Amino acid sequence: MTRILLLGGTTEASAMARALAVAGADAVFSYAGRTARPVVQPLPTRVGGFGGVEGLVAYLGHERISHVIDATHPFAAQMSRNAHAACAATGVPLIAFERPAWRAGPGDLWTCVPDVAAAVAALPEAPARVFLATGKQGLEPFASRSQHHYLLRLVDPPEGPLPLPDATVVLARGPFAVEADRALMAAHGITHLVAKNAGGAGAAAKLVAARALALPVILIDRPVLPPRRSAATVEEVLAWLSHAGTERGV
């Protein structure tokens, strides 16, 4: 029997959940639990971690999972590594449903950096107004550049004091429109944009808006993950599901 674990939290995961629900698939949608009000899914849903690789191995066995679809955020590296290790240990087929990374085009003023520390180092010494579009994780390193004002766009209100001494928080959930992002940056006098190379259409508006405003962008590269089978569309994942049952350990 086919029973699917869909590791979600992205627009792609929600699209995959809808397709699985329409197909009548036996599937479970898993959220990491970092958002207080996650998007409601048309599948049975669990929230929270698994307890590392060992916990995920136990879950796969207990729930008789036959296939795993990793549609987590491209920067949810630990979950993706755990999924790869657990599926390798159990022989459960795994596929990553991942959005293509963004690539610079004409008019883009991008500086690509390998990690958050490099993004902090790439900021100017002179005071700037930075749209820090990296989510609520990893804000602390930017506190070392306290001369800057930071604009943060978060899904949920901060649970406690921010590590940044000079910051403005805007609460919003994507996808976002180019004109709205352009207006947001103009209203806050933004001079620099810092973002993760998450890819996808839903979060690309800020990059298009930065191009239109001729703003420099510091773009953080995706973390390196183990080699794995991947797909870029729902149709590719569904095609894989139709024959992956005989490809144990893929």
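Which strands does helix 1 (residues 11-22) lie across?

## Helices on the sheet

Helix 1 lies across strand 1 (4-7), strand 2 (27-31), strand 4 (67-70) and strand 5, and runs at about 155° to strand 1. Helices here are DSSP runs of H or I with at least four residues, strands are runs of E with at least two, and both are numbered from the N terminus. This is a predicted model, where local features need pLDDT of at least 70 and side-chain atom pairs count only at pLDDT 80 or more, while totals for chains, interfaces and linings use all residues. Residues are numbered from 1 along each chain as its sequence is written, and side-chain values use heavy atoms, with hydrogens and water left out.

Helix 3 (residues 77-90) packs on the sheet too, touching strand 1, strand 4 and strand 5. The direction of helix 3 makes about 160° with that of strand 5. Axes are lines fitted to C-alpha atoms (for helices, over the stretch in contact), and angles run from 0 to 180 degrees between N-to-C directions.

Six of them form an open sheet in the order 3-2-1-4-5-12, with parallel pairing. Two strands pair if DSSP finds at least two bridges between them. At the edges sit strand 3 (45-47) and strand 12 (230-231), each pairing on one side only.

Strand 12 pairs with strand 5 (residues 94-97) in the parallel sense, over two bridges. Phenylalanine 97 has alanine 231 of strand 12 as its bridge partner.

## Helix 1 meets helix 7

Helix 1 also packs with helix 7 (residues 234-243), at an angle of about 50° and with the axes 10 Å apart. That angle makes helix 1 oblique to helix 7. Angles under 35 degrees count as roughly parallel, over 145 as roughly antiparallel, 65 to 115 as roughly perpendicular, and the rest as oblique.

Who does the touching, with contact meaning heavy atoms within 4.5 Å? Helix 1 brings Ala15, Met16, Ala19 and Leu20, and helix 7 brings Val234, Val237, Leu238 and Leu241. By class, this contact has eight nonpolar, no polar and no charged residues. Nonpolar covers Ala, Val, Leu, Ile, Met, Phe, Trp, Tyr, Cys and Pro; charged covers Asp, Glu, Lys and Arg; the others, Gly among them, are polar.

## Helix 5 meets helix 6

Helix 5 (residues 178-187) and helix 6 (residues 205-212) pack at about 60°, their axes 8 Å apart. So helix 5 is oblique to helix 6. Val178, Asp181, Arg182 and Met185 of helix 5 make the contact with residues of helix 6 including Ala205, Lys206 and Val208.

Note on methods
Contact means heavy atoms within 4.5 Å.
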